[in-house]
Amino acid sequence: MSELKIADWWEAKENGKILCTLCPRYCTIGEGQKGFCYIRENIDGKLYSMGYGRPTGFAIDPIEKKPLSHFYPGSDILSFGTAGCNLGCKFCQNWSISKAKLDDINSLEATPEDVIGVAKKYGVNSIAYTYNDPTIFGEYVIDISRLGRQEGIKSVMVTAGYIDKNARKDVYKYIDAANVDLKAFSETFYHKLTFSHLNDVLDTLVWLKNETDIWFEITTLLIPDENDSDEEIQKMCNWILQNLSDQIPIHFTAFHPDFKMMNKTRTPASTLKRARKIALSSGIKFCYIGNVNDTVEQTTYCPNCTEPLIIRDWHSVLDYKIKDSSCYKCGTVIPGVFN
Ligand code: SF4
């Protein structure tokens, strides 16, 4: 067993307690206790990052699965997470990992150098911190992404964006791209179904846009009767247009019954199409639907001449016609990071 990693972002309080300042939950953690995310532990008055160096396993995924549609489309990405999560989503689609405690799960041991070595072995040029929320293993993310930058390997956060303002400057220092879940556009939904808060996530999105060069896209998992009304989708699109940009790709993806939300039906494709229609008619230039087969609504079109440029089916790229980051036909620049 490798040496435990002392965490960043905490303050010692009275009676051996610790205030964790990594995410807006700000857990006060007593001696011998763990925070809400299960993997930050107070041992003898110091906070330890128990997920450091302990991924739950590695996979090579198409980057479209993250989902990212404008960041090296068609490439493969090394993906991993750890146990635990700082949100409590009742509809979690990955709960066997995110709700696991380290003791319940067969974690591997991998130093940052090992992770970069795995990426090189499989010939991928990027790594995704994903499956659970990488915020909670921020120290590990920093060390891998710093090394990755030296070695020409990009780093991608797949996150709910629920992170403290100061900590995110550190965690995202060497990050190249992110997919941020905007889980709904109502505080009631966030509070009741995720145990987190909408405004903190919006704040992270605005920060990414205004204060970093990180490429990011947004994903909303649409759940029947919870966050899929025309009104809520319209409000979300208006907010994105007013506070971010019309150039940020939005993904509407289908929910399947899981974890503590088994009483719902799977999201019908018609809901995803309806949401995409609202986004496009509001002025958002790139919108995709996910977790279904639909070539038409998963393809990237030139926003000027409407030519199909990246033709997809689910996570597969069937045709690629972007040239010098632009539409091959009319020359309009397509936002994103392309080969
Ligand atoms: S990172 Fe974990 S321990 Fe720290 S405040 Fe968030 S949930 Fe609590």
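**Exercise: the largest pocket**

Find which strands each supply at least two residues of the lining of the largest pocket, then describe the space and its lining.

Solution. Strands β10 (154-159), β11 (177-181), β12 (215-222), β13 (250-254) and β14 (287-290) each supply at least two lining residues. Helices (H or I, at least four residues) and strands (E, at least two) are DSSP runs, numbered from the N terminus. The model is predicted, so local features need pLDDT of at least 70 and side-chain atom pairs count only at pLDDT 80 or more, while totals for chains, interfaces and linings use all residues. Residues are numbered from 1 along each chain as its sequence is written, and side-chain values use heavy atoms, with hydrogens and water left out.

Next, take the volume. The largest pocket holds about 1,000 Å³ of space. Its lining has 41 residues, and K65, K66, Q93, N94 and D181 are the closest to its centre. The search uses a 1 Å grid over the protein atoms alone: a pocket is an open set of points with protein on both sides within 12 Å along at least five of seven lines, a cavity is a set where a 1.4 Å probe fits but cannot get out, and lining residues have an atom within 4 Å of a point. Grid points are joined across faces, edges and corners, and a volume is the space filled by probe spheres set on the points.

Last, sort the lining by class. The pocket lining has 14 nonpolar, 18 polar and nine charged residues. Here Ala, Val, Leu, Ile, Met, Phe, Trp, Tyr, Cys and Pro count as nonpolar, Asp, Glu, Lys and Arg as charged, and the others, Gly among them, as polar.

**Exercise: enclosed space**

How many cavities of 30 Å³ or more does a search of the whole structure find, and which residues are closest to the centre of the largest cavity?

Solution. The search finds two such cavities. The largest cavity has about 100 Å³ of space. Among its 13 lining residues, C20, C23, C27, C37 and R40 are the closest to its centre. By class, the cavity lining has nine nonpolar, two polar and two charged residues.

Solution. Two strands pair if DSSP finds at least two bridges between them.

Now take each pair. Four bridges join β5 (residues 40-43) to β6.

Solution. The structure holds 20 salt bridges, each a side-chain nitrogen of Lys or Arg within 4 Å of a carboxyl oxygen of Asp or Glu. One of them joins D143 to K5 at 3.8 Å, N to O. This pair links distant parts of the chain, with D143 in helix α3 (residues 138-151) and K5 in strand β1, 138 residues apart. D143 also meets R146, at 3.2 Å. Both residues lie in α3, three residues apart, about one turn of the helix.

Then check accessibility: buried means under 20% relative accessible area, exposed over 50%, and partly exposed in between (1.4 Å probe, protein chains only). D143 is buried at 18%, whereas K5 is partly exposed at 29% and R146 is partly exposed at 34%.

For the other pair, the closest N and O atoms of K165 and D203 are 3.5 Å apart. K165 is partly exposed at 47%, and D203 is partly exposed at 27%.

**Exercise: cysteines**

Solution. The search finds zero disulfides, a disulfide being a pair of cysteine sulfur atoms within 2.5 Å. For C92, the closest cysteine sulfur is that of C89, 6.3 Å away, which is too far for a bond. C92 is buried, with a relative accessible area of 13%. C305 is in no disulfide either, and its nearest cysteine sulfur, that of C327, is 3.7 Å away. C305 is partly exposed at 26%.
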